[in-house]
Amino acid sequence: MANDEVILLDFWPSMFGMRLRIALAEKEVKYEYKEEDLRNKSPLLLQMNPIHKKIPVLIHNGKPVCESNIAVEYIDEVWKDKAPLLPSDPYDRAQARFWADYIDKKLYDSARKIWGTKGEEQEAGKKDFIECLNVLEGELGDKPYFGGDNFGFVDIALIGFYSWFYAYETYGNLSTEAECPKFVAWAKRCMQRDSVAKSLPDQHKVLEFIKVLRKKYGVE
């Protein structure tokens, strides 16, 4: 795999793009990062992801792999000689996929309501958000990572959201650490890994980005 050409089409605040950045860093794969302007999508993005026209897209030797969790699985299968991300046991692997899917279906929508809405809708979003984190805390249990002793697929699916937490707390007027201490301890543990620390943007920078989004959507 030494001569592989790997390109990542991404957008810096995307928690979905962060998954690929972390997975590639865990595998120590060198790649070319291309930042996309989502208001003016590049011909390459439209060519490589004609169905959804979304980032992130992993391009490996000219072939695109779309959808972040699918791309992380692909990275794990192609560069399998280092840092396995998915469990080897079929049942454990199925469970990991279940929780990654849960994060996309439950956490993303509730979190978006915290910064993207006001009033009753925002309150409902906050309630769902905390409930979702509590469910994830239950799955984490006393393990250091969702994958047990090893940082893996579910950790990668989830940790990118942490870079948005300062914004969630600012606009939602909530304290994640008070509500979900085990979750925050897990996030801080993940942030000690180089692959995570170097792949996640600064939380204050994300807050500034969300301020712009709120004005754009007429929330402020």
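Reader: Before we zoom in, what radius of gyration does the protein chain have, and what would a compact globule with 220 residues have? After that, which aromatic pairs can you show me up close?

Author: Happy to! Please keep in mind that this is a predicted model. With 220 residues, a compact globule would have a radius of gyration near 17 Å, and the protein chain has 17 Å, so the two agree. Along its principal axes, the C-alpha trace spans about 50 × 45 × 30 Å. The chain contains 11 helices and 4 strands, and 49% of its 220 residues count as buried. Among contacts with a separation of 6 or more, 69% are between residues 24 or more positions apart. The accessible surface comes to about 11300 Å², and carbon and sulfur atoms contribute 51% of that.

Now to the rings. A pair of aromatic rings is described by the distance of the centres and the angle of the planes. The count for this model comes to 18 aromatic pairs. One of them joins Tyr145 and Phe151, with 5.7 Å from centre to centre and 80° between the planes, an edge-to-face arrangement.

A second pair to look at is Trp164 with Phe209. Their ring centres are 6.2 Å apart and their planes meet at 85°, so this pair is edge-to-face. What makes this pair interesting to trace is that it links distant parts of the chain, 45 residues apart. Trp164 belongs to the loop between helix 6 (153–159) and helix 7 (165–172), while Phe209 is in helix 11 (residues 203–216). With a relative accessible area of 6%, Trp164 is buried. Phe209 has 18% relative accessibility, and the cut-off for buried is under 20%, so Phe209 counts as buried.

The charged end of Lys205 sits over the ring of Trp12, 4.3 Å from the ring centre. Likewise, Arg214 lies over the face of Tyr171, at 3.9 Å from the centre of that ring.

Lys143 and Trp12 are 131 residues apart in sequence, and their C-alpha atoms are 30 Å apart in space. Setting aside residues up to four places away in sequence, Lys143 touches Gly148 and Arg189. Its relative accessibility is 31%, so Lys143 counts as partly exposed.

Asp76 lies in helix 3 (residues 68–78). At 10% relative accessibility, Asp76 counts as buried. Leaving aside neighbours within four places in sequence, Asp76 is in contact with Lys27, Ala83, Pro84, Leu85 and Leu86.

The backbone has some details to find as well. A cis peptide bond, with omega about 0°, joins Ile55 and Pro56. Pro56 is in the loop between helix 2 (43–48) and strand 3 (57–60). Glu28 is not a glycine, although its phi is positive at about 55°. You will find Glu28 in the loop between helix 1 (15–26) and strand 2 (32–35), and at 59% relative accessibility Glu28 counts as exposed. Glu67 also has a positive phi, near 75°, without being a glycine. Glu67 lies in the loop between strand 4 (63–66) and helix 3, and its relative accessible area of 37% makes Glu67 partly exposed.

Notes. Residues are numbered from 1 along each chain as its sequence is written. This is a predicted model: local features need pLDDT of at least 70, side-chain atom pairs count only at pLDDT 80 or more; totals for chains, interfaces and linings use all residues. Side-chain values use heavy atoms; hydrogens and water are left out. Rings of Phe, Tyr and Trp (its six-membered ring) pair if their centres lie within 6.5 Å; planes under 30 degrees apart count as stacked, over 60 as edge-to-face and the rest as tilted. Helices (H or I, at least four residues) and strands (E, at least two) are DSSP runs, numbered from the N terminus. Buried means under 20% relative accessible area, exposed over 50%, partly exposed in between (1.4 Å probe, protein chains only). A charge sits over a ring if NZ of Lys or CZ of Arg is within 6 Å of the ring centre and within 35 degrees of the ring normal. Contact means heavy atoms within 4.5 Å. The radius of gyration is taken over C-alpha atoms; the globule rule is 2.2 Å times the number of residues to the power 0.38. Accessible areas come from the Shrake-Rupley method with a 1.4 Å probe; for residues, only the protein chains shown count as cover.
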